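User: I have a model open and a few things to ask about it. Can we go through it piece by piece?
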Amino acid sequence: MIRWLGDRLARIAASLRRGRVDAEVSEEFRFHLDQATERYIRRGLPPAEARRRALDDFGALPEHRERAADEQRHRRLEAVFDDVRFGTRALRSSPRFAATLGLTIALAIGANSAIFSVIDGVLLKPLPLPDPDRLAFVGWDHGGGRVIHAVSPFQLHFIGERAGTIEAIGTYRTRSWSRGERDAPETVRAAAVSHGLLGAVGVPVRLGRAFAEEEYRSGDDVVMVSDAYWRARLGGDPEVIGRTLRFEGESRTVVGVLDPRFQIPGQGEPAEVLAPLAIEPNRQDGQNLNALIRARAGVSRSAVQAELERLSQRFRVENPDLVDGGDPTAPPRFVLATFQDVFVGDLRTTLWILFGAIGFVTLIGCANAANLLIARGLARERELAVRTALGAGRGRILQQLVIESLLVSLAAGAVGLLLARVGIDALLALAPGALPREGEIALDGRVLGFTAALSVAVGVLFGAINALAGTKRGLLATLGRTGRGGSERRRGRETLIVAQVAIALVLVVSAALLVQSFARLRAVDPGFDPEGVVAIRLGRLPSTIRGEKLVALERRVVEALGRRPGMVAAAAAANFPFERGLNFPISIAGRDEVGEGAVEWRTVSPGYFETLSVPLLRGRTFAATDDPRAPRVAIVSAAFAERYWPGEDPIGKRIEIGRWRGEWMRPAFEGGEEVIGVVADVREIGLASPARRTVYTPRAQWSDGLDWPRFLARGPADPSLVAELGAVLGAIDDRIPPPSLETMPAILSASIATERFRTALISSFALAALLLTAVGVYGVVAALVGQRTREIGIRMALGAPAATVLRLVVGRGLGLVAVGCVLGGVGAIGLTRLLRGMLFGVGPDDPVAHVGALGILMAVAALATWLPARRATRVNPVETLGAE
Amino acid sequence: MDERGGEVIKGTLELLILRILEAGPMHGWGITELIQQHSDQLLSVNQGSLYPALYRMVRRRLVTSEWRVTENNRRARYYSLAPAGRKELAAGRSQWERLSRGVDLVLGTARRAR
């Protein structure tokens with residue numbers, strides 16, 4: 001393997017040299033021709049004639065050149081082969097050295113490749129669809145850079161009707177459907193796609209046809225199926241078009257099979273079944289549609305953006321009521337967004353910072369590798385000197401050393417790839433929920449190329465460092481010396497140590513900041529007590545269970561939960577805490593003021609606040625009597641009360657859910673609700689986000705269009721719960737699949753998975769950096785002691801106390817560390833600024849983190865210095881002096 | 001006089017080169033000149049075979065090469081005999097003696113021993 005790689009390399013190197021070889025050959029020929037010409041001139045021929053004769057004698061020049069150059073090249077190639085052979089032998093003769101070196105580099109390369117493959121899959125690779133550069137998303141800038149990457153049906157329609165630069169614009173909604181009959185329903189990932197989405201995605205239909213225009217308006221009786229679903233579930237039946245399948249208890253006709261390439265960008269798991277989605281062109285609320293566009297062929301991005309600017313202008317003029325006042329200098333407008341803007345968001349910074357951090361670790365690793373090589377170079381100095389004396393030029397020695405380190409780094413790259421495979425799996429396991437485009441993260445050709453390039457770069461880099469440290473002063477000089485020679489080399493190693501310490505400090509400071517931030521985040525009071533709360537999710541409910549029936553089902557489940565031993569309280573809710581709820585416009589009765597419009601709206605059953613232990617501040621919580629016959633009531637959060645009734649008692653005040661700018665959004669909303677209680681704030685949408693103003697309403701009073709329930713119970717999370725609830729649900733309707741069980745602490749933990757992910761990764765990088773640096777410092781100080789054993793012996797013989805000797809060695813080592821710390825400290829102050837967006841409750845220049853990290857690094861470095869230094873004090877003067 | 005003289009028999013060129021270099025390092029041009037002189041202008045070397053032969057010999061480590069400055073201050077590549085070349089020369093010499101003697105005898109051109 002190594003030999004094969006070497007051969008390849010030699011060939012590449014030889015072709016790079018081709019130019020130089022040709023030049024040398026032609027210089028030799030020119031000399032020959034000149035000499036021949038001169039001879040003819042001496043014989044009395046005029047110069048021009050002499051030249052011609054000489055050329056005649058010489059024969060076909062290009063042919064000579066070709067043949068001669070071939071011979072030459074062959075020779076150089078052989079030199080490279082020699083080096084490869086020699087290098088292999090040299091490495092084989094010191095397997096422990098080769099293994100240490102190779103493993104260090106393999107780890108570094110593997111980590112780099114793993115992180116790179118994630119970055120490539122998530123950020124760099126173009127979307128795997130035709131002409132991906134024509135794809136984009138449209139978002140809405142509220143003004144002043146408050147951008148949401150979504151539009152309302154009204155806006156989608158507005159753009160679709162008017163934009164000339166856009167070939168297609170479409171949106172989708174993800175659905176989960178059940179297929180089949182009562183006895184064995186299967187869950188299917190479905191997507192309802194609007195008119196235009198298929199065109200925007202841009203892959204043709206494989207079989208059958210796409211939805212027809214009118215089917216987007218009326219037809220909910222047609223479907224298209226994905227290629228994978230068609231193969232796996234429909235047996236790849238070529239006659240599938242026209243077949244009827246039952247979804248959600250209703251029959252739908254298959255009109256088309258999608259191309260295998262079909263995917264909706266941003267959908268984690270690709271949809272198996274598509275249905276048409278009707279867009280109500282006049283719906284102005286619900287600004288939550290991802291709008292995928294495909295630009296017309298040949299239209300640039302900036303042309304599309306320019307047209308969107310014009311359309312924004314028109315939109316503002318035609319719909320003044322839909323445009324918030326805002327800053328007149330930065331009016332709301334449509335904006336183009338990339339896939340990464342929409343689906344990667346903050347993760348992008350995280351990923352690049354991880355990449356930077358692992359790059360730093362690699363540099364430290366390379367410094368250690370170079371250090372190892374230099375240390376070995378000391379031992380080989382005489383060998384190299386002999387070679388120099390025997391006529392090997394500096395270039396030749398350089399070539400040999402670089403080839404040697406390339407042999408190591410390429411082998412390490414191969415091992416690194418294996419490590420990267422493991423690393424990718426580990427990253428994906430650690431990664432928060434789902435990284436977007438997770439399926440595209442893989443060891444593909446691009447990662448392979450990256451790894452190969454990195455291996456070569458690393459090999460050349462430290463090979464060159466080593467060679468330059470060795471050949472700088474002319475190796476001949478060292479021939480005459482018996483000493484351990486090479487203050488050049490020592491200086492080289494010391495420079496590396498300073499760099500290592502500096503880089504490690506930056507990483508340790510970053511880790512300290514993130515760890516501190518993470519600790520603060522964990523310490524945040526979510527506003528409820530998650531410990532001991534069980535969270536239960538239901539599978540797909542049959543479409544017949546709606547409204548009153550659903551409320552009845554919920555009551556049955558809550559009762560069943562309450563009957564279990566140890567259960568303190570139980571409730572139903574549309575969402576768990578830390579899951580996004582409904583964002584809804586709510587007005588205050590009797591006030592014109594619009595306020596911010598939307599607040600958090602959650603429908604819950606009685607017992608909700610008791611189950612989560614959310615403190616009731618005023619009034620009462622919901623009771624079973626708050627049913628459809630009773631007046632509509634609401635409970636508001638402290639933040640809500642503080643915002644709308646500061647200093648007043650909110651109890652008895654009225655709010656109006658679904659009333660926006662004086663209009664009721666739907667007739668069903670009309671009436672308003674009485675506030676009956678105030679509860680403490682809950683950080684519903686995440687620990688890092690301040691509590692939103694929240695309104696709670698009883699589920700029984702909002703049974704129309706109720707979201708499927710989830711259940712919460714305070715008590716033991718016993719697995720037998722699943723069977724028991726399954727039985728209760730089965731008794732209601734045997735199509736309901738059994739529920740799944742989670743715990744609230746686990747959900748809370750998952751809500752900070754991104755933070756944990758980057759804190760864990762950066763911390764492990766920092767730890768690796770710290771260890772590598774410690775090894776580096778140890779190595780250099782140990783070498784220092786080794787070199788100065790004689791001197792130390794003399795000093796001790798002359799009566800120097802051990803403390804003085806210790807100071808001598810430790811002082812030198814710590815001096816280097818101090819220089820590194822100063823440089824690293826400055827670097828940390830500059831670089832940690834990049835972390836600002838990731839920190840919670842701690843600033844990037846937090847002194848505790850900076851000083852603490854410095855302390856940790858100094859302590860580790862001091863230990864790494866002290867261990868070899870201690871050896872110096874044990875030097876026996878008599879032995880050392882007698883030794884030489 | 002025919003400038004070209006006799007073409008050097010294939011295979012003997014290397015031997016001639018080695019012999020020339022035995023006297024000391026020389027560049028390609030000098031080697032052709034010396035072969036011509038030493039052979040009383042009977043032999044001339046085709047440049048098309050000279051340089052490939054030289055590079056081949058470098059590769060086989062029979063000779064080594066380096067760039068030097070000539071007495072006229074021009075840069076030229078000088079070839080010199082390597083130890084392996086010296087051995088090759090000795091072996092080649094005796095082989096050639098046997099061969100030419102044999103050829104002479106067969107062609108009847110040899111002066112019979114008296």
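User: Leaving aside its neighbours within four places in sequence, which residues is W702(A) in contact with?

Analyst: W702(A) is in contact with T603(A) and T697(A). Contact means that the C-beta atoms, placed from the backbone, lie within 7 Å. This is a predicted model, in which local features need pLDDT of at least 70 and side-chain atom pairs count only at pLDDT 80 or more, while totals for chains, interfaces and linings use all residues. Residues are numbered from 1 along each chain as its sequence is written, and chains are lettered from A and ligands numbered from 1 in the order in which they are written.

User: Where is W702(A) found, and why does it count as buried?

Analyst: W702(A) is in the loop between β23 (694-698) and β24 (710-714) of chain A. It counts as buried because it has 21 C-beta neighbours inside 10 Å. The cut-offs are 20 or more other C-beta atoms within 10 Å for buried, 12 or fewer for exposed, and in between for partly exposed, with C-beta atoms placed from the backbone.

User: Where is confidence lowest in chain A?

Analyst: In helix α14 (residues 476-479) of chain A, at a mean of 41, whereas strand β18 (residues 633-637) of chain A is highest at 95. That is pLDDT, the predictor's confidence in each residue, from 0 to 100. Over residues 471-485 of chain A, pLDDT stays under 50. Where pLDDT is low, the predicted coordinates should not be read in detail. The chain A mean is 82, with 86% of its residues at 70 or more.

User: Switching to chain B. In what order do the strands of the open sheet come?

Analyst: The order is β2-β5-β4 (chain B), with antiparallel pairing. Pairing requires at least two bridges found by DSSP between the strands. β2 (26-27) and β4 (63-69) of chain B are the edge strands. Seven bridges join β4(B) to β5 (residues 75-81) of chain B, and R68(B) has A76(B) in β5(B) as its bridge partner.

User: What packs on that sheet?

Analyst: Helix α1 (residues 13-22) of chain B, which touches β2, β4 and β5 of chain B and makes about 100 degrees with the direction of β5(B). Angles run from 0 to 180 degrees between N-to-C directions, and axes are lines fitted to C-alpha atoms, for helices over the stretch in contact.

User: Why is α1(B) called largely enclosed?

Analyst: Because seven of its ten residues are buried. Among them are L13(B), E14(B) and L16(B). The buried residues of α1(B) pack against β2, α2, α3, β4, β5 and α4 (83-107) of chain B. Just after α1(B), G24(B) has a positive phi of about 145 degrees.

User: How do α2(B) and α3(B) cross?

Analyst: The axes of α2 (residues 28-38) and α3 (residues 47-59) of chain B come within 11 Å and cross at roughly 120 degrees. G28(B), I31(B) and T32(B) in α2(B) meet L50(B), Y51(B) and L54(B) in α3(B).

Methods: Helix = DSSP H or I, 4+ residues; strand = E, 2+ residues; numbered from the N terminus. Contact = placed C-beta atoms within 7 Å.
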